[in-house]
Amino acid sequence: MSTSPMSLSRFMLEEERKHPKAVGDFTLILEQIAFAAKIISREVNKAGLVSILGAASTHNIHGETQQKLDLFSNEEMIKALDPTGKVCAMASEEMDDMVPVSDKNLEGRYAVVFDPLDGSSNIDVNVSIGTIFGIYKRANDNDCLKSLLQKGKELVCAGYVIYGSSTMFVYTTGNGVNGFTLDPSVGEFLLSHPNIKIPEYGKIYSINESNYDRWTKGIQEYVKFIKNHPDRQYTARWIGSLVADFHRNLLKGGVFLYPEDTKNTKGKLRLLYEANPMSFIVEQAGGMSTNGRERILDIQPTSLHEKTPLILGSKYEVELYLQYREKYG
Ligand code: P6P
């Protein structure tokens, strides 16, 4: 007799049972993030049909025009997490400072960082976008900000939701990476990609080559070598949406690069809620992630919105990048 598909909810509960001391707080937070993802998915999938499309009249801390769906997604994440009473601190790409939490959260044992809708400049042209999140245990002392500024290697959970041809919820709690696809007919995420592993090497490199003239010699020489690799033909794929580019490379192998350049001297992507969660996921899938000098997950954050160069994907391509930077700068 065929068994019923494994839902995300059942998967989370079975994972929770492996931790005898678990009281369900962590599972509740994850369930709520999945709930927010369903709401965001519904709005993203009808964005072209309602007035929600288009830019809002505000800008985020990085001076980027906030799309209305950015703001909607940010509110949905906060509305889903705050009522749990389990989250002592939140940081969002869309908010300059820590997200204020209601008093019942002050004893919460977890802190959550998130980019509610990454790649939102692609919304109006119907390109895949995503939500990225990371969950920390509360820092030992009662400094909520410190709970958010922990190294990526302290994450207890990281995940993303990709709103594409289908909506997928991909996450890890440190025991491998699993992907769930939303079945809109039942409103459940169903296990579709168990135990995701990134290939040792790929045939895809993802970088915005319009920045070529602003790269160091090492980055230029690396890309030139990849484009003329002696053993295999690489292809360039750049969607300009981190979640979409990362998800494809995670499944097929390859490397995503947003290195520093003379304009973005610290890179463009943010450490807390983009680089760290994606780095935790790629390492759990057997890949690597670096800023060009050190492991991303070892970096000590100093501010909520700090940026970092980000090179992550299959081990072969990332290790080769480190060799080129070591040799050519
Ligand atoms: P560029 C989207 O704006 C984003 O933050 C990431 O999702 C994406 O990988 C990157 O910026 C694209 O940057 O400079 O190519 O537009």
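**Entry 1**

I looked up Trp-238 and found an N or O atom of its side chain 3.1 Å from an oxygen atom of the ligand. I note here that the model is predicted, so the distances in this notebook are computed from predicted coordinates. I then went to Asn-208, where a polar side-chain atom lies 2.8 Å from a ligand oxygen. For Lys-268 I read 2.9 Å between a polar atom of the side chain and an oxygen atom of the ligand. I also took the area figures: the ligand exposes 400 Å² when taken alone, and the protein buries 82% of that.

**Entry 2: the shell and the pocket**

Which residues surround the ligand? I listed Asp-118, Gly-119, Asn-208, Trp-238, Gly-240, Ser-241, Leu-242, Phe-256, Tyr-258, Lys-268 and Leu-269. Sorted by class, I have five nonpolar, four polar and two charged residues in this shell. I checked the space that the ligand takes, and that space is the largest pocket.

**Entry 3: Leu-117**

I moved on to Leu-117, which I found in strand E4. Is Leu-117 buried or exposed? I count Leu-117 as buried because its relative accessibility is 1%, and the cut-off for buried is under 20%. I also took a C-alpha distance from Leu-117 to Phe-72: the two are 45 residues apart along the chain, and their C-alpha atoms are separated by 9.2 Å.

**Entry 4: Leu-312**

I placed Leu-312 in strand E16, which covers residues 310-313. Leu-312 counts as buried because its relative accessibility is 1%. For a sequence separation of 106 residues, I read 10 Å between the C-alpha atoms of Leu-312 and Ser-206.

**Entry 5: Leu-191**

I looked for Leu-191 and found it in strand E9, residues 188-193. How far apart are the C-alpha atoms of Leu-191 and Phe-225? I read 38 Å, with the two residues 34 apart along the chain.

**Entry 6: positive phi at Asn-126**

I turned to backbone angles. Most residues other than glycine have a negative phi. At Asn-126 I found a phi near 60°, a positive value in a residue that is not glycine. I located Asn-126 in the loop between strand E4 (110-118) and strand E5 (129-137). Asn-126 counts as exposed because its relative accessibility is 72%, and exposed means over 50%.

**Entry 7: positive phi at Asn-195**

I found a positive phi at Asn-195 too, about 50°, although Asn-195 is not a glycine. Where is Asn-195 found? I placed Asn-195 in the loop between E9 and strand E10 (204-206). I logged Asn-195 as partly exposed because its relative accessible area is 47%.

Terms used
Residues numbered from 1 in each chain as written. Predicted model: local features only at pLDDT ≥ 70, side-chain atom pairs only at ≥ 80, totals over all residues. Heavy atoms only, no water. Near = heavy atom within 4 Å. Polar contact = N/O pair within 3.5 Å; in protein donor to acceptor, adjacent residues only side chain to side chain. Areas by Shrake-Rupley, 256 points an atom, 1.4 Å probe, with all protein chains shown as cover. 1 Å grid on protein atoms, 1.4 Å probe; cavity = no way out; pocket = protein on both sides within 12 Å on 5 of 7 lines; lining within 4 Å. Sits in = over half its atoms within 2 Å of the grid points. Nonpolar A, V, L, I, M, F, W, Y, C, P; charged D, E, K, R; others polar. Helix = DSSP H or I, 4+ residues; strand = E, 2+ residues; numbered from the N terminus. Buried < 20%, exposed > 50% of the residue type's maximum accessible area, 1.4 Å probe, protein only.
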